[in-house]
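Please view the sequence and the structure before reading on.

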Amino acid sequence: MKKLLVYLKEYRMQCVLAPAFKMLEACFELIVPLVIASLIDKGIGGENMPHIIKCVAILGILALVGLTVSITAQFFAAKAAIGFATRLRSELFRHLLGLSFSEIDTVGTSTMITRMTSDVNQAQNGVNMFLRLFLRSPFVVFGAMIMAFTIDSHIALIFVATIAVLFAVVGFIMSRNIPALLRAQESLDKVTRSVREGLNGVRVIRAFRLEADSVKSFNGVTDELTGRLKKAGHISALMNPLTYVLINLGIILVIYSGGLRVESGILTQGQVIALYNYMSQILVELVKLANLVVTLNKAMASANRISAVFDINTSMREGDGVDFDTDPDDDVLETESDAGSEAVSFRDVSFAYPGSSEDSLENISFVVNKGQTVGIIGGTGSGKSTIASLIARFYDVTGGGVYLFGHDIKDYSYDQLHSLVGTVMQKAVLFSGTIESNIRMAAGDVSEDVINDAVKKAQADEIVKGKGGIKACVEQGGRNFSGGQKQRISIARTLAMRTPIVILDDSSSALDYATDLSLRRALKELPEDTTVFIISQRTSSIQHADKIIVLEDGHMEGIGTHEELLKSCDLYKEIHESQLHRS
Amino acid sequence: MKAKNNVQTEYGGNTGRELVKYLKKHGFLVVLSVALALFSSLTALFVPVLFGKAIDSILSDMGSVVNCLIRVGCVIGVTALMQWVMAMVNNKVTYEVTQDIRNDAFEKIQKLPLNYLDSHSTGEIVSRMVADVDTLADGLLMGFTQAFTGIVTIVGTIYYMWTLSRMTTIVVVCVTPLSLFVANFIAKHTHDMFITQSVTRGEQTALIDEMIGNEKVVRSFGYEDEALERFNEINDRLAVCSLKALFYSSTVNPATRFVNSTVYALVALVGAIRVLGGHITVGSLSALLAYATQYTKPFNEISGVVTELQNAFACASRVFALIGESEEEGSQIYDIKASDGSSDDEDGIKGEVDIEAVDFAYVKDKPLIEDFSLNVGSGQTVAIVGPTGSGKTTLINLLMRFYDTDDGKISVDGKDIMSLTRQEHRKRFGMVLQDTWIKQGTVLDNIRIGRPDATREECINAAKEAHAHSFIKRLPQGYDTVLAEDGGDLSVGQKQLLCITRVMLALPPMLILDEATSSIDTRTEIRIQKAFHKMMNGRTSFIVAHRLSTIMDADIIVVMRDGHIVEQGSHEALLKKGGFYSELFEAQFAH
């Protein structure tokens with residue numbers, strides 16, 4: 001929570017001025033009962049018409065000044081709250097974008113999106129209301145009490161007692177109510193989950209005729225929610241009647257003892273009315289304060305959730321950059337291109353995903369030379385994609401080391417890594433914009449020829465044509481493209497980067513066999529030095545690779561060419577045969 | 001904008017009636033609540049008069065002061081009691097009504113045609129059932145308490161003021177609408193600012209959704225800087241329009257308060273003059289001043305309540321639109337545990353499926369399946385292959401009666417499937433889909449979906465046959481491991497294995513497998529295939545598969561394209577024919 005206050009720093013002035021002006025407004029409000037008292041005692045009691053008019057004029061001026069002052073306060077509060085939220089959002093976005101894959105996995109994208117949107121809005125609301133009310137309400141409450149002391153210190157004690165009891169009662173109710181509301185919120189989340197479950201599983205539910213069952217279990221969930229809401233309601237139902245009774249008891253006491261003191265000539269009638277008015281003001285402000293506490297409580301919860309995200313630091317440290325000690329104009333790789341030299345090597349690599357006790361990869365070692373094509377194959381969960389992720393340094397190894405062109409991958413700067421490794425991910429994702437903007441996402445300002453070449457190699461030219469050109473619009477999530485089309489565009493996006501290492505992570509799964517074949521042929525036409533990794537479940541996609549790595553349960557079961565593996569690796573043979581039963 | 005308004009009013013009429021239907025169940029409590037609101041407002045309004053009298057008596061006689069105060073105490077006690085009962089009643093009514101609405105909506109979902117569910121996003125329906133009903137509940141609570149008590153308070157105050165001083169009353173009644181006018185004026189002028197704000201916010205959310213939702217891709221391309229730049233551009237625009245919207249809307253409070261203060265000052269002036277003229281007492285003036293503050297409060301609140309109520313009604317109309325959707329005919333649902341005693345008719349099923357000249361379209365003028373006919377003999381295995389969009393899954397939808405044919409008929413053992421209820425019909429099929437569905441609960445619960453009365457042993461045996469046993473065993477609590485929504489940590493392949501286990505347990509007379517093993521690696525797949533083969537023995541089966549290797553043994557391979565059968569026959573026959581199927585098949589092995 002405290003950490004977020006940094007983002008208010010720029011608005012320090014507003015943060016002071018807003019409550020200050022609010023307090024000023026409260027001061028003016030506190031003067032009103034005194035004016036009324038004077039109007040009654042001097043004006044009416046003294047039958048002094050000019051004084052009455054003077055008092056009313058003062059009331060008018062107080063109202064006008066109050067208006068100006070409070071609008072000013074609202075402005076400062078709004079300015080600070082919006083400024084705070086804007087900076088917070090921007091910083092949070094930057095922070096989230098800086099997280100590495102491990103942290104993205106642990107936090108989860110839906111959580112991150114909620115933090116960015118509704119939580120920041122709650123926090124903004126909290127700051128705004130805090131600046132507007134948090135000083136004002138207590139100020140009015142205690143101000144009224146102090147004013148009571150200036151009128152009559154004896155009666156003011158009734159104020160002290162009433163306020164103390166009120167605070168105790170309100171505090172007690174809130175302290176019981178807030179956890180009750182939280183429990184109700186949990187139940188509501190359960191309702192949400194149940195609805196979603198019922199919708200997503202509708203076919204299965206119907207196929208197994210579980211309709212009645214699922215209705216019954218949903219009713220159970222709503223029962224729980226209703227029960228908890230009622231419980232919370234029982235507590236908060238006490239709030240209004242109790243505060244009402246307490247304040248009015250206070251007024252009764254004030255008028256009674258006020259009456260006694262008027263009799264003995266210590267107080268005037270007008271002053272008793274003023275005290276009565278002060279008591280009423282307390283009630284109004286106290287209710288506002290209670291509501292404010294609820295708002296602030298929500299805002300605090302949001303703020304805590306946000307700062308928890310800020311507390312997550314990326315576990316990956318960027319390398320200082322590898323110095324290729326050549327003249328800087330030269331392409332990084334040309335300089336190192338003694339043909340056949342080492343491109344990627346894994347040295348005794350082990351890896352476990354964050355939060356998982358089991359290793360996803362164990363003691364993997366292999367060397368891939370420049371210009372080679374490598375196939376990686378294995379069953380579900382065997383660690384194929386994990387290897388791809390490690391080559392791109394999406395994760396850091398937990399044991400051993402990954403080396404690119406002879407340098408530890410951790411020594412490269414992120415920019416260098418981006419210029420070395422291009423990955424086509426398993427799940428093809430397009431962003432809203434145009435086909436071109438999608439392809440240029442990583443490549444930047446490359447020439448049109450490069451783009452066209454990438455499109456062609458990715459077998460995407462017919463898509464581009466079909467959609468009406470490279471400037472064709474891509475809707476959010478690429479929903480106007482089919483799965484296969486998305487895959488081909490995302491392959492083009494990676495190829496346009498012209499990196500010396502290209503990884504295709506099962507990225508032709510949605511392509512039919514014929515297109516897949518043309519794609520593989522096109523990949524052969526990449527610059528000679530390009531090292532290509534193809535991850536696939538089909539042996540047909542990789543059997544012509546220079547090297548095939550066979551994985552099972554994170555272990556390397558074999559490495560070699562198709563022919564070698566057929567002889568030496570039972571697992572590979574089994575996979576191959578399972579896919580090839582030509583009769 | 002206009003169209004939207006029309007829709008709202010169109011629902012509006014029904015919405016009120018629907019709401020009343022739900023409230024009727026609590027008829028007595030609703031009447032009680034209204035009565036309590038009426039009386040508690042009136043008694044509360046009586047308090048200032050009594051205080052006024054007490055203040056007047058201060059100057060004369062302390063005895064009658066005490067008298068008055070005792071009466072005040074009683075009135076306050078009664079008022080507070082009524083307020084408390086009213087709050088409890090309102091809670092009960094509101095929460096129970098919203099629960100009824102939610103339950104009805106959920107039951108409705110179970111009865112709606114899939115057509116409706118497929119064409120509405122999950123998020124949309126969830127937000128109707130959760131967020132909209134919540135807003136409705138808030139609105140109901142607010143409406144119940146504030147709108148009604150507000151009106152009673154206004155009317156009551158005018159009455160009491162009238163008895164105290166007509167002149168003051170007239171002044172107050174004439175001036176107060178000013179605050180409504182001011183609030184309205186500001187609301188009208190901030191409306192556009194709020195629209196701009198929500199549009200910009202929507203734009204930003206879309207960007208967040210894209211960039212954070214696909215953060216791994218963003219990171220892998222080093223696109224962070226551009227993303228941040230785009231974000232900040234929107235963020236800065238949002239800051240400007242939010243500030244405007246927030247500030248201008250927050251002037252409502254000070255402005256109405258200003259009007260109130262003016263009213264207060266006027267009451268003081270007129271009241272004081274009346275006191276001087278001997279028409280009213282000082283105590284009455286104090287009561288009038290108290291009324292002046294009390295009277296304007298509901299006016300300020302009412303503008304809030306009106307928006308809240310409008311909002312609640314808009315939300316209610318969305319929920320009621322869902323509840324009011326027309327159901328599938330014959331969609332009464334029965335509890336199968338209760339009614340599923342006899343399974344003798346299952347044994348009698350041979351499983352001959354005849355599809356005759358079936359036409360079907362999801363959208364009326366875009367026919368998908370046309371004049372489709374297929375005869376499947378008892379115990380045969382039918383494989384359906386073809387490119388995406390060729391109608392494979394649609395065929396499954398029709399077989400399971402998730403959708404009904406537009407024309408033509410499907411019959412099982414010579415009996416039109418339309419002559420049975422959907423539940424009776426579906427009982428004869430076991431189905432595994434590509435999209436796995438895991439419900440919250442233990443692994444065992446999930447397997448038992450296949451047959452609710454199965455014993456633990458039977459479930460474990462089924463799991464063994466489906467090759468799911470080995471991974472289930474390794475879960476922390478084995479078969480009693482609680483799975484989170486949508487399977488949580490299980491891989492897609494593991495989820496598919498669980499779904500297959502269900503069918504292995506159910507052992508229905510006919511089988512439908514729609515890409516059931518698409519995420520399972522080929523070696524495990526082959527083992528499952530063996531189990532499937534054993535199960536399919538003597539059972540009519542329909543298989544949709546992407547990997548042609550898995551369907552070569554089928555009795556009939558149906559090759560579909562654009563809703564028609566283009567080829568049909570055994571694997572060998574089709575290969576020999578050298579048509580579309582052999583093209584698809586050869587491509588697998590080309591390099």
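## The contact between the chains

How many residues does the contact take from chain B and from chain A? In this predicted model, chain A contributes 120 residues to the contact and chain B contributes 118 residues. On the side of chain B that touches chain A, helix H3 (residues 62-111) of chain B supplies the largest share, with 23 residues. Sorted by class, the side of chain B that touches chain A consists of 69 nonpolar, 32 polar and 17 charged residues.

## Domains of chain B

Chain B is assigned two stretches of sequence as domain 1 (1-164 + 304-326), while domain 2 covers 343-589. Between the C-alpha centres of domain 1 of chain B and domain 2 of chain B there is a distance of 52 Å.

## The nonpolar cores

The largest nonpolar core holds 204 residues, and Ile255(A) and Ala268(B) touch the most other members. Helix H3(B), with 18 residues, gives the most to this core. At least three residues of this core come from each of domain 1 (1-164 + 304-326) and domain 2 (343-589) of chain B. Another core, of 123 residues, lies apart from it; Val69(A), Ala388(A), Val532(A) and Met556(A) are among its residues.

Which residues is Ala268(B) in contact with, leaving aside its neighbours within four places in sequence? From chain A they are Ile36(A), Leu39(A), Val56(A) and Leu59(A), and from chain B there is Leu289(B).

## A sheet in chain A

Chain A contains an open sheet of four strands in the order S2-S1-S4-S5, with antiparallel pairing. Strand S2 (361-369) and strand S5 (407-408) of chain A are the edge strands, each pairing on one side only. Strand S1 (residues 342-351) of chain A is joined to strand S4 (residues 399-404) of chain A by five bridges in the antiparallel sense. As an example of a bridge partner, Ser345(A) has Tyr403(A) in S4(A).

A helix accompanies these strands. Helix H11 (residues 384-391) of chain A lies across S1, S2 and S4 of chain A, and runs at about 120° to S1(A).

## One residue of chain B

Ser127(B) belongs to helix H5 (residues 122-164) of chain B. Why does Ser127(B) count as partly exposed? The reason is its number of C-beta neighbours inside 10 Å: Ser127(B) has 17, whereas a buried residue needs 20 or more and an exposed residue has 12 or fewer. Ser127(B) is 86 residues from Gly213(B) in sequence, and their C-alpha atoms are 20 Å apart in space.

Notes. Residues numbered from 1 in each chain as written. Chains lettered and ligands numbered in written order. Predicted model: local features only at pLDDT ≥ 70, side-chain atom pairs only at ≥ 80, totals over all residues. Contact = placed C-beta atoms within 7 Å. Helix = DSSP H or I, 4+ residues; strand = E, 2+ residues; numbered from the N terminus. Nonpolar A, V, L, I, M, F, W, Y, C, P; charged D, E, K, R; others polar. Domains from an automatic or database assignment. Pairing = 2+ DSSP bridges. Axes fitted to C-alpha atoms, helices over the stretch in contact; angles between N-to-C directions. Core = buried A, V, L, I, M, F, W, Y, C linked by C-beta atoms within 7 Å.
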